[in-house]
Amino acid sequence: MSTAQPPTTAIIGAGISGLSLALALNQQSIPCTVYESRSAPLNIGGAITLFPNGLRVLDALGIYSVIKPQGYSFDALYFRDAAGNLTETHEFGSEAKYGYSALRVYRHVLINALLAALKDRGVRVEYGRKFSHVITDDEGITFAFTDGSQEPAAILVGADGIHSTVRKVLYPDLGPPSFVGQIAMSAAVPTAQLNLPAGADLREHLPATFVSQQHGAFVMAPQGPDGSEVIIAKQKRVPVDPRREGLAAMLANKEAHIALLRENADAFPDIVKNAVSDIPIDQLFVWPFYVVPRLERWASWEKGRGRVVIVGDAAHAIPPSSGQGVNQALEDVYMLSLLLGNKGVDEAEPLGFWQKYRQARVDRILKLVEQIDLRRLPTDEVEEKVVKEPFELGWLYGTDLRGDVDAWVRDNAKE
Ligand SMILES: Cc1cc2nc3c(=O)[nH]c(=O)nc-3n(C[C@H](O)[C@H](O)[C@H](O)COP(=O)(O)OP(=O)(O)OC[C@H]3O[C@@H](n4cnc5c(N)ncnc54)[C@H](O)[C@@H]3O)c2cc1C
């Protein structure tokens with residue numbers, strides 16, 4: 001057990017949820033420590049897309065101005081058919097409407113910015129500490145790590161991702177996340193390889209999803225501040241969970257991975273054929289898609305007992321096709337920190353408000369994901385289920401979490 005002052009809040013997991021929660025709590029003057037099982041910050045997975053709703057949170061945390069110059073800003077994603085004709089445009093952001101364009105930024109850029117801000121503020125992030133279980137939650141919590149060490153906390157937050165161990169404290173009988181029968185495969189190639197017309201404005205071409213009626217979709221999105229690199233990705237139905245049935249073998253076989261990315265490229269426009277013409281083997285990824293069932297509660301919050309909360313993917317894994325996983329995690333942690341920082345309302349109620357508010361948004365996003373996924377799969381599988389109207393996304397991008405929390409606090413303040 002460490003001899004330092006016991007933290008009031010222990011955050012398990014130094015992914016984007018855990019680190020941003022630590023920063024948000026620090027902003028509310030709530031002390032915390034982050035414990036991460038890995039030995040060092042994770043540096044994989046290419047870039048992530050941050051939407052206005054997530055960027056607004058990062059702005060409030062002082063991180064947006066740090067990452068913006070390191071990311072690729074854009075407002076729209078284009079859907080094109082197999083001949084390259086534009087079929088739909090999806091809004092991803094707009095400075096005029098929401099205050100922010102969308103930003104594609106390497107995951108490690110965001111993680112490093114959060115770590116630097118935490119270091120500046122003296123918030124501890126301890127690596128090589130894998131949470132195991134809660135020992136007692138009578139008055140505050142004492143919990144154990146897999147190496148047998150222990151720590152105390154008043155609040156234990158599980159920001160430990162889709163395969164969360166802290167979730168088991170709330171749901172001891174819940175099975176592992178289920179595989180949804182789809183994987184994404186991706187690689188990164190130089191944008192120059194696409195052979196766009198000389199002088200072309202990259203933002204008029206990409207990011208784009210090319211949809212073939214027979215072969216599904218091929219996604220391309222620029223990354224790096226100048227868009228000089230493009231991620232190329234395919235979503236594919238697979239009958240069995242590749243993590244159980246040989247994901248390691250699949251990852252090891254780089255040539256097979258490249259062959260899958262190239263499969264049926266002839267059915268797509270030249271830009272796709274060019275993209276797959278030369279695929280470097282050092283940036284290949286396979287991501288199986290998992291879901292956790294809709295959970296009744298994300299917190300155990302009884303007076304006089306240790307409290308447990310789960311956030312981000314641990315609470316509500318959202319299929320990656322929405323691009324909202326990180327953005328929703330940022331909404332979770334910012335709103336939670338505002339509510340925990342407010343002392344004017346009775347203890348447990350803010351958590352009930354938080355989950356109801358957050359769950360309603362997650363549910364709406366899951367419906368959106370269903371539609372996005374339908375557009376990315378071969379038409380014969382899905383034709384009759386596709387909604388043709390363009391998406392209206394003001395509810396998603398324009399949300400004012402601080403305003404909504406302030407209004408709720410005003411309405412629920414103790415006499
Ligand atoms: C292919 C793909 C593309 C994506 N693209 C986007 C995108 O463009 N935009 C977007 O918003 N989202 C995207 N997502 C989703 C996004 O990656 C996740 O929603 C997000 O990473 C969740 O963050 P998290 O911090 O909750 O969990 P994680 O990132 O999984 O972090 C959990 C952390 O907890 C640690 N941990 C786990 N168990 C323990 C333990 N027992 N003790 C201590 N530490 C532990 C882990 O090592 C890890 O560091 C994408 C996901 C995939 C798969």
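Visitor: Hi! Where is the place of Ser 17?
Guide: Hello! Ser 17 has its place in helix H1. Keep in mind that this is a predicted model.

Visitor: Is Ser 17 buried or exposed there?
Guide: Ser 17 counts as buried because its relative accessible area is 10%, and the cut-off for buried is under 20%.

Visitor: And what is Ser 17 in contact with, leaving aside its neighbours within four places in sequence?
Guide: With those neighbours set aside, Ser 17 is in contact with Ala 159, Val 311, Gly 312, Ala 329 and Val 333.

Visitor: Let's turn to the ligand. Which residues come nearest to it?
Guide: There are 28 residues around the ligand, and Ser 17, Glu 36, Thr 49, Gly 323 and Val 326 come nearest.

Visitor: Which helices and strands supply at least two residues of the shell around the ligand?
Guide: Helix H1 (16-27), strand E3 (47-50) and helix H11 (325-341) each do that. The largest share comes from H11, with three residues.

Visitor: How much of the ligand does the protein bury?
Guide: The protein buries 84% of the 1,000 Å² that the ligand exposes when taken alone.

Visitor: New topic: what domains does the chain have?
Guide: The domain assignment gives domain 1 (9-71 + 106-177 + 292-412) and domain 2 (179-291). Their C-alpha centres lie 28 Å apart.

Visitor: How about the largest nonpolar core, which residues touch the most other members?
Guide: That core has 130 residues, and Leu 50, Ile 63, Ile 67, Phe 143 and Met 220 touch the most other members. Domain 1 and domain 2 each give this core at least three residues. In soluble globular proteins, nonpolar side chains tend to be buried together.

Visitor: What is Ile 63 in contact with, beyond its neighbours within four places in sequence?
Guide: Ile 63 is in contact with Leu 23, Leu 58, Leu 110, Ala 113, Leu 114 and Ala 117.

Visitor: Last one: where is Pro 152 found?
Guide: Pro 152 is in strand E11 (residues 150-153). Pro 152 is partly exposed, with a relative accessible area of 22%. Its C-alpha atom is separated by 5.6 Å from that of Ile 141, 11 residues apart along the chain.

Conventions: Residues are numbered from 1 along each chain as its sequence is written. This is a predicted model: local features need pLDDT of at least 70, side-chain atom pairs count only at pLDDT 80 or more; totals for chains, interfaces and linings use all residues. Side-chain values use heavy atoms; hydrogens and water are left out. A nonpolar core is a set of buried Ala, Val, Leu, Ile, Met, Phe, Trp, Tyr and Cys residues joined through side-chain atoms within 4.5 Å. Buried means under 20% relative accessible area, exposed over 50%, partly exposed in between (1.4 Å probe, protein chains only). Domain bounds come from an automatic or database domain assignment. Contact means heavy atoms within 4.5 Å. A residue is near a molecule or strand if one of its heavy atoms lies within 4 Å of it. Accessible areas come from the Shrake-Rupley method with a 1.4 Å probe; for residues, only the protein chains shown count as cover. Helices (H or I, at least four residues) and strands (E, at least two) are DSSP runs, numbered from the N terminus.
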